[in-house]
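Subject: Structure for you to look over

Dear colleague,

Here is the structure that I promised to pass on, with my notes on it below. Please keep the model open while you read.

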Amino acid sequence: MIGVSVLGSTGSIGRSTLDVLARHPDRYRVVALSANSDVEGMYRQCLAHRPLLAAMADEASVEALARRLAETAPDIRVMSGDEGLRAVATHPEADQVMAAIVGAAGLVPVLAAVEAGKRILLANKEALVVAGGLFMDAVRRHGVTVLPIDSEHNAVFQCMPAGYEDGLDARGVRRILLTASGGPFRTLPVEGLATVTPEQACAHPNWDMGRKISVDSATMMNKGLEVIEAHWLFGAAPERIQVVIHPQSVIHSMVEYVDGSVLAQLGNPDMRTPIAHALAWPERMESGVGSLDLFEVARLDFEQPDLTRFPCLGLAFRAIEEGGSMPAILNAANEVAVAAFLAGCCGFMDIPRVIEQTMNSLQGQAADSLEVLLEADARARETAERLLGQGVR
Ligand code: NAD
Ligand code: MG
């Protein structure tokens with residue numbers, strides 16, 4: 001039996017992970033779950049999957065969960081806060097850890113899982129954006145396997161040659177073609193972007209996801225974060241990563257070789273495919289996802305990304321080129337701006353304004369320790385909050 005811990009189990013990726021695991025009870029055992037404050041969701045997951053441990057990051061939610069479990073499942077241990085997240089990430093019975101917390105909040109727990117030698121199933125792209133260099137160093141030092149869950153990176157991983165870790169040139173790889181749906185506002189007149197609502201931004205045409213990543217998809221910051229993620233995962237310089245708008249979301253990404261070959265991974269847009277791929281790797285197993293109906297798809301379209309419509313994509317390229325702590329600054333400012341937009345406190349086009357002004361007003365530093373990066377994250381959050389308080393512009 002393979003033991004699996006799920007960080008962020010009540011979210012979109014967490015639920016899809018438990019769905020796949022429940023299809024293979026003979027092979028996998030759910031060891032530990034964590035959530036932030038969704039007590040009801042965690043309670044139901046505890047009854048359905050019977051983990052050994054359940055952790056609530058939000059201290060105020062722990063009591064409520066413990067009270068409910070006391071009657072129905074008193075054997076499940078309940079923990080809270082950072083200590084609880086660490087215990088889920090490093091549980092001795094867990095062989096694999098699904099990192100599916102949203103945002104930089106997932107960084108410290110996933111690093112703990114790396115240090116504990118677990119196989120890492122990485123959905124939490126923000127962890128790599130904030131601390132990609134330190135993360136990959138820790139991965140090499142502890143000899144752990146990281147399997148990307150982000151559909152694009154999972155596709156790239158599937159199309160990469162053996163030994164790509166030795167360098168892309170050494171293995172004949174020319175470019176990574178990272179596909180993007182373009183989100184819900186790809187064809188909206190640009191003047192209309194200023195007045196879009198959170199509900200419109202969260203109505204993604206192809207994927208059903210958490211609210212933060214849905215807004216990131218609408219601004220295309222998601223693709224910017226994914227360029228940084230691909231840079232770290234595959235050792236690819238930013239100029240070797242081409243973003244390709246592909247509205248059907250059927251090709252999940254591609255790898256181009258020096259001989260002109262382009263390998264693609266295709267499938268229905270359902271995260272259970274990359275999740276099952278990573279859980280079973282190097283084997284394959286059923287995920288619950290049906291066959292791709294190419295006659296239904298009928299056509300595949302491709303477009304250049306439009307950087308005036310999507311300034312966030314350009315900001316992400318700028319952050320990775322500046323390097324050091326600048327990607328952490330970009331990410332933190334984005335998290336603050338997206339939360340403000342979702343709360344109705346700023347407009348959609350204020351998101352890139354807040355990020356750009358935060359990047360302009362802070363100095364990037366060498367990313368040589370976690371402390372430096374967490375400090376950059378905190379300063380960027382303060383700066384972005386202040387800009388929002390002043391009404392941006
Ligand atoms: P979500 O908002 O649906 O779920 C987030 C989970 O993290 C929840 O369980 C929540 O309780 C927990 N959480 C939130 N804040 C926390 C905190 N401060 N401390 C501890 N736990 C916290 O998000 P999601 O859509 O499942 O995305 C999760 C991650 O996966 C993100 O990094 C996202 O970019 C990435 N991802 C998601 C998808 C998708 O289809 N949803 C696809 C690719 C990558
Ligand atoms: Mg993705």
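**What was found**

In a search of the whole structure, zero disulfides turn up, where a disulfide is a pair of cysteine sulfur atoms within 2.5 Å. Cysteine 202, for instance, takes part in no disulfide, and the nearest cysteine sulfur, which belongs to cysteine 346, is 13 Å away. Please bear in mind that this is a predicted model, in which local features need pLDDT of at least 70 and side-chain atom pairs count only at pLDDT 80 or more, while totals for chains, interfaces and linings use all residues. Residues are numbered from 1 along each chain as its sequence is written, chains are lettered from A and ligands numbered from 1 in the order in which they are written, and side-chain values use heavy atoms, with hydrogens and water left out.

Distant parts of the chain are linked here, with aspartate 150 in the loop between strand S7 (146–148) and helix H7 (151–159) and glutamate 226, 76 residues apart from it, in helix H10 (residues 221–234); helices (H or I, at least four residues) and strands (E, at least two) are DSSP runs, numbered from the N terminus. Aspartate 150 is buried, at a relative accessible area of 8%, and glutamate 226 is likewise buried, at 0%, where buried means under 20% relative accessible area, exposed over 50% and partly exposed in between (1.4 Å probe, protein chains only).

As for the rings, the structure holds five aromatic pairs; rings of Phe, Tyr and Trp (its six-membered ring) pair if their centres lie within 6.5 Å, and planes under 30 degrees apart count as stacked, over 60 as edge-to-face and the rest as tilted. One of the pairs is edge-to-face and joins phenylalanine 157 to tryptophan 281, at 5.8 Å centre to centre and with 70° between the planes. Phenylalanine 157 sits in helix H7 and tryptophan 281 in the loop between helix H11 (272–280) and helix H12 (294–297), 124 residues apart. Phenylalanine 157 is buried at 13% relative accessible area, whereas tryptophan 281 is partly exposed at 30%.

Finally, about 1,100 Å³ of space lies in the largest pocket, a pocket being an open set of points on a 1 Å grid over the protein atoms alone, with protein on both sides within 12 Å along at least five of seven lines, and lining residues having an atom within 4 Å of a point; grid points are joined across faces, edges and corners, and a volume is the space filled by probe spheres set on the points. The lining of this pocket comprises 49 residues, of which Ala100, Ile101, Val102, Gly210 and Ile213 lie nearest its centre. Helix H9 gives the most to that lining, with five residues.

With best wishes

How values were computed:
On a 1 Å grid over the protein atoms alone, a cavity is a set of points where a 1.4 Å probe fits but cannot get out, and a pocket is an open set with protein on both sides within 12 Å along at least five of seven lines; lining residues have an atom within 4 Å of a point.
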